[in-house]
Amino acid sequence: QVQLVESGGGMVQPGGSLRLSCAASGFTWDDYVIGWFRQAPGKEREKVSWVIRSDGSTLDAEYAGSVKGRFTISRDKAKNTVYLQMNSLKPEDTAVYYCAADPTGNEYDYWGQGTQVTVSS
């Protein structure tokens, strides 16, 4: 019943931008913690960004130091979709990106299928 469908990945030049989408079914994002992760070849999975507070009018998030100031989480309540806006992309941002949902605040139980982001000239 719970499903996350990701889209928006692709290949861009350094300095370019992409927006990843994660559409949810079976639940609403209002009731779940939002998280974005990535995994590059040969590296461990990294938590990129996570929501710490949301009330329908505001959405506060924290970001890994490697992406802070360049990446932004947002949400479209009507579409039950969350986004990761990625600006000023660097080659080291190349990875498979995953959205995830945490229903309890303890563990991310539901994951998207992943979408490839490649930053190269």
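**Aromatic pairs and overall fold**

Colleague: How many aromatic pairs does a search of the whole structure find?
Modeller: The search finds 7 aromatic pairs. Keep in mind that this is a predicted model.

Colleague: How are the rings of Tyr 98 and Trp 111 arranged?
Modeller: Their planes stand at 75 degrees, with the centres 6.5 Å apart. Planes over 60 degrees apart count as edge-to-face, so that is what this pair is.

Colleague: Which strands do Tyr 98 and Trp 111 lie in?
Modeller: Tyr 98 is in strand E9, residues 95-102, and Trp 111 is in strand E10, residues 110-111. The pair therefore ties together parts 13 residues apart in sequence.

Colleague: What relative accessible area does Tyr 98 have?
Modeller: Tyr 98 has 22%, so it is partly exposed. Trp 111 is partly exposed too, at 29%.

Colleague: Which residues do ring pairs link into a cluster?
Modeller: Phe 27, Trp 29, Tyr 32 and Tyr 110.

Colleague: Switching topic. How many helices and strands does the chain have?
Modeller: It has 0 helices and 11 strands.

Colleague: And the radius of gyration, what would a compact globule have?
Modeller: With 121 residues, near 14 Å. The chain has 14 Å, so it agrees. The C-alpha trace spans about 40 × 25 × 25 Å along its principal axes.

Colleague: What share of the residues counts as buried?
Modeller: Of the 121 residues, 36%.

Colleague: Last one, charges. How far apart are the mean positions of the positive and negative ones?
Modeller: They are 6 Å apart, for 12 positive and 14 negative charges.

Definitions and conventions:
Residues numbered from 1 in each chain as written. Predicted model: local features only at pLDDT ≥ 70, side-chain atom pairs only at ≥ 80, totals over all residues. Heavy atoms only, no water. Helix = DSSP H or I, 4+ residues; strand = E, 2+ residues; numbered from the N terminus. Rg over C-alpha atoms; globule rule 2.2 N^0.38 Å. Buried < 20%, exposed > 50% of the residue type's maximum accessible area, 1.4 Å probe, protein only. Lys, Arg positive; Asp, Glu negative; His and termini not counted. Charge placed at Lys NZ, Arg CZ, Asp CG, Glu CD. Phe/Tyr/Trp six-rings, centres within 6.5 Å; stacked < 30°, edge-to-face > 60°.
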